[in-house]
Amino acid sequence: MVIRVSSKFKKSYRKLPESVKDKAKEKEKIFRTDSFDARLETHKLHGKYKEYWAFTVIGQYRVMFAFVGSDKVDFINVGSHDIYR
């Protein structure tokens, strides 16, 4: 699976606490194997973000992403629930 990251994702990721970054790396490994693994709590978003999905990193932290074809994913943003605003 190819994961591309947006500039917004990169910027948001840099601002995360180190403990959340560590957990995000763990979850990315799981995501690469199975994007719907129960440990990720992957879910479809609604409203203005209805074309996106998200998975849980830890607590309130999420990665927003979009499927692009059968083997590509774009990571759009990462952070707390504030990313949905």
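This is a predicted model: local features need pLDDT of at least 70, side-chain atom pairs count only at pLDDT 80 or more; totals for chains, interfaces and linings use all residues.
1. The largest nonpolar core has 15 residues. Within this core, Phe-31, Phe-55, Val-57, Val-63, Phe-65 and Phe-75 touch the most other members. Two or more residues each come from helix 2, strand 3 (53-58), strand 4 (61-68) and strand 5. Helix 2 gives the largest share, four residues. As background, nonpolar side chains in soluble globular proteins tend to be buried together.

2. Setting aside neighbours within four places in sequence, Phe-75 is in contact with Ile-3, Arg-4, Val-5, Ser-6, Phe-9, Phe-31, Phe-55, Val-63, Met-64 and Phe-65.

3. Which residues does Asp-74 touch, not counting residues up to four places away in sequence? They are Arg-4, Met-64, Phe-65, Ala-66 and Val-68. Asp-74 lies in strand 5, which covers residues 72-79. The relative accessible area of Asp-74 is 19%, and the cut-off for a buried residue is under 20%, so Asp-74 counts as buried.

4. How many salt bridges does a search of the whole structure find? The search finds six. Three of them are described in the points below.

5. Lys-23 is partly exposed, at 26% relative accessible area. Glu-26 is also partly exposed, at 44%.

6. Glu-28 and Arg-32 are joined by a salt bridge through their side chains, at 3.0 Å from N to O. These two residues are four apart in helix 2, so they too are separated by about one helical turn. Glu-28 has a relative accessibility of 26% and counts as partly exposed. Arg-32, at 39%, is likewise partly exposed.

7. Asp-37 and Arg-39 form a salt bridge in which the closest N and O atoms are 2.9 Å apart. Are the two partners buried or exposed? Asp-37 is buried, with a relative accessible area of 16%. Arg-39 counts as exposed, at 52% relative accessibility.

8. His-81 is placed in the segment after strand 5. With a relative accessible area of 40%, His-81 is partly exposed. Leaving out residues up to four places away in sequence, His-81 touches Gln-60 and Arg-62. Arg-14 is 67 residues from His-81 along the chain, and the C-alpha atoms of these two residues are separated by 17 Å.

Terms used:
Residues are numbered from 1 along each chain as its sequence is written. Side-chain values use heavy atoms; hydrogens and water are left out. Buried means under 20% relative accessible area, exposed over 50%, partly exposed in between (1.4 Å probe, protein chains only). Contact means heavy atoms within 4.5 Å. A salt bridge is a side-chain nitrogen of Lys or Arg within 4 Å of a carboxyl oxygen of Asp or Glu. A nonpolar core is a set of buried Ala, Val, Leu, Ile, Met, Phe, Trp, Tyr and Cys residues joined through side-chain atoms within 4.5 Å.
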